[in-house]
Number of protein chains: 2
Amino acid sequence: MDEKKGLLIVISGPSGTGKGTICKSLVGKGDFLISVSATTRQPRQGEVDGVNYYFLTKEEFKTKIENDDFIEYAEVYGNYYGTPKSKVLDCIKNGINVILEIDIQGALKVKKTCPDGVFIFVIPPSMDELRKRISNRGTETPQSLMLRFRSAYEEIKYISRYNYVVVNDTVDMAVKRIQSIIIAEQCRADRRKGKILDLEEEIIDE
Amino acid sequence: MDEKKGLLIVISGPSGTGKGTICKSLVGKGDFLISVSATTRQPRQGEVDGVNYYFLTKEEFKTKIENDDFIEYAEVYGNYYGTPKSKVLDCIKNGINVILEIDIQGALKVKKTCPDGVFIFVIPPSMDELRKRISNRGTETPQSLMLRFRSAYEEIKYISRYNYVVVNDTVDMAVKRIQSIIIAEQCRADRRKGKILDLEEEIIDE
């Protein structure tokens, strides 16, 4: 593993666990960039193109798929979501840590191509709390609510494919846990081979 | 792995890397207790029995060895050092995280009996810096200085047996890294099986 490479940090979890809020709150709180995803869904109130998402038409999105411009993409609830490839790979190559906030389908695809990424599964403190959060969002129809609940139930099953589980009891606590995971991963012995070799060289040189 | 068990965190590294200073600075800065070791060496100025070490005579120490009262013990530079067993195991059983600050011989012994412990190797920013720190301590004879340098060179080789490498460039940074490692380890998916089962039960109950 190349120590000079940045970390690829994937923050994922069922819809309604608050991973979006956590990522917004992470901005500027550590040594990483947060990747902006592309989507064909309609912007929610207050969302800004290029900040929250790159909002694309279905035609624009499909052209990018054909050009292999995404690390992963998926269709979720009838809309496309994707992670633009070139910027993420450039950052990692240049030693910059990158955070991706993606759904579980997408995360599992990224894991296949980047097995040494750091995969974080955000869970609600309880399923009851998850239902409350999705309902309170107020942007869902009864049908889409039911779809999201069922999907969340299914998705919890993928938790064991992840490296870390972060309970989102409060956003501040969840943010602190993710900041800690990033610092700890940078200290992992199998990621610090370069530093170790430097010390060994110093010893040999004497 | 039992989620309700506390973590056993082993902070180790060559003599002079500052692991003692780091552990002193960790007191009260997280969700853990710091185990007090026993030793037969003379107290340094300001060291207090029961706080920095339990200072024992060689006879007392040998009796404890015979009674199997240590998790590990070792003879280093002609003195015995050991980790009292019962208190550490009680804490872990009751969900309390425990930090052991021990030398590399001791850490490797603990790893054999507690492979799911968290093993942290503290290194100096450079070997040159390590030499300066050992020399500045002012408590060493020229012979013991040489012994410590040589031993540090040897010990760096064991770094790959550890889970984490923490560079002690400043004590504050090293402390922050260790705090982060402890929080991250508590979030590891393979340590969170209990929480995951709780959510799954909630799903099945509906």
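1. Some terms come before the residues. Helices (H or I, at least four residues) and strands (E, at least two) are DSSP runs, numbered from the N terminus. Arg41(B) sits in the loop between strand S3 (37-39) and strand S4 (53-55) of chain B.

2. This is a predicted model, in which local features need pLDDT of at least 70, side-chain atom pairs count only at pLDDT 80 or more, and totals for chains, interfaces and linings use all residues. Residues are numbered from 1 along each chain as its sequence is written, chains are lettered from A and ligands numbered from 1 in the order in which they are written, and side-chain values use heavy atoms, with hydrogens and water left out.

3. Back to Arg41(B). Is Arg41(B) buried or exposed? Arg41(B) is buried, because its relative accessible area is 9%. Buried means under 20% relative accessible area, exposed over 50%, and partly exposed in between (1.4 Å probe, protein chains only). The side chains of Arg41(B) and Tyr81(B) are joined by a polar contact of 3.4 Å. A polar contact is a pair of N or O atoms within 3.5 Å; within protein, one must be able to donate a hydrogen and the other to accept it, and residues adjacent in sequence count only if both atoms are side-chain atoms. Not counting residues up to four places away in sequence, Arg41(B) also touches others, including Glu47(B), Tyr53(B) and Phe55(B). Contact means heavy atoms within 4.5 Å.

4. Arg44(B) is in the loop between S3 and S4 of chain B. Arg44(B) is partly exposed, with a relative accessible area of 30%. Leaving aside neighbours within four places in sequence, Arg44(B) is in contact with Arg137(B), Thr139(B) and Arg148(B). Between Arg44(B) and Tyr54(B) there are 13 Å in space, C-alpha to C-alpha; the two are ten residues apart in sequence.

5. Now chain A. UniProt, in an unreviewed entry, lists residues 6-183 of chain A as "domain: Guanylate kinase-like". UniProt positions are given in the numbering used here, feature names are shortened, and annotations may be inferred rather than shown by experiment. Over residues 6-183 of chain A, the chain is 42% helix and 22% strand. The end C-alpha atoms of that stretch are 12 Å apart.

6. What is the volume of the second largest pocket? The figure is about 1200 Å³. A pocket is found on a 1 Å grid over the protein atoms alone: an open set of points where a 1.4 Å probe fits, with protein on both sides within 12 Å along at least five of seven lines; lining residues have an atom within 4 Å of a point. Grid points are joined across faces, edges and corners, and a volume is the space filled by probe spheres set on the points.

7. The lining of the second largest pocket has 47 residues. Lys19(A), Gly20(A), Arg41(A), Tyr53(A) and Glu101(A) lie nearest the centre. Elements of chain A that give two or more residues include helix H1 (19-26), helix H4 (104-113) and helix H6 (142-155). H1(A) gives the largest share, five residues. The lining divides into 18 nonpolar, 16 polar and 13 charged residues. Here Ala, Val, Leu, Ile, Met, Phe, Trp, Tyr, Cys and Pro count as nonpolar, Asp, Glu, Lys and Arg as charged, and the others, Gly among them, as polar.

8. The unreviewed UniProt entry also gives a "binding site" annotation, which covers residues including Gly13(A), Pro14(A), Thr17(A) and Lys19(A). Of the annotated residues, the pocket lining includes Pro14(A), Ser15(A), Gly16(A), Thr17(A), Gly18(A), Lys19(A) and Gly20(A).

9. Two of these deserve a look. Pro14(A) is in the loop between strand S1 (8-12) and H1 of chain A. Thr17(A) is in the loop between S1 and H1 of chain A. Pro14(A) is buried at 0% relative accessible area, and Thr17(A) is buried at 0%. The backbone oxygen of Pro14(A) lies 2.7 Å from a polar atom of the Thr17(A) side chain. Contacts of Pro14(A) beyond four places in sequence include Phe121(A) and Ile156(A); those of Thr17(A) include Leu130(A) and Asn168(A).

10. Finally, check the backbone at Asp68(A). Most residues other than glycine have a negative phi. Asp68(A) has a positive phi of about 55° although it is not a glycine. Asp68(A) is in the loop between helix H2 (58-66) and S5 of chain A, and is partly exposed at 48% relative accessible area.
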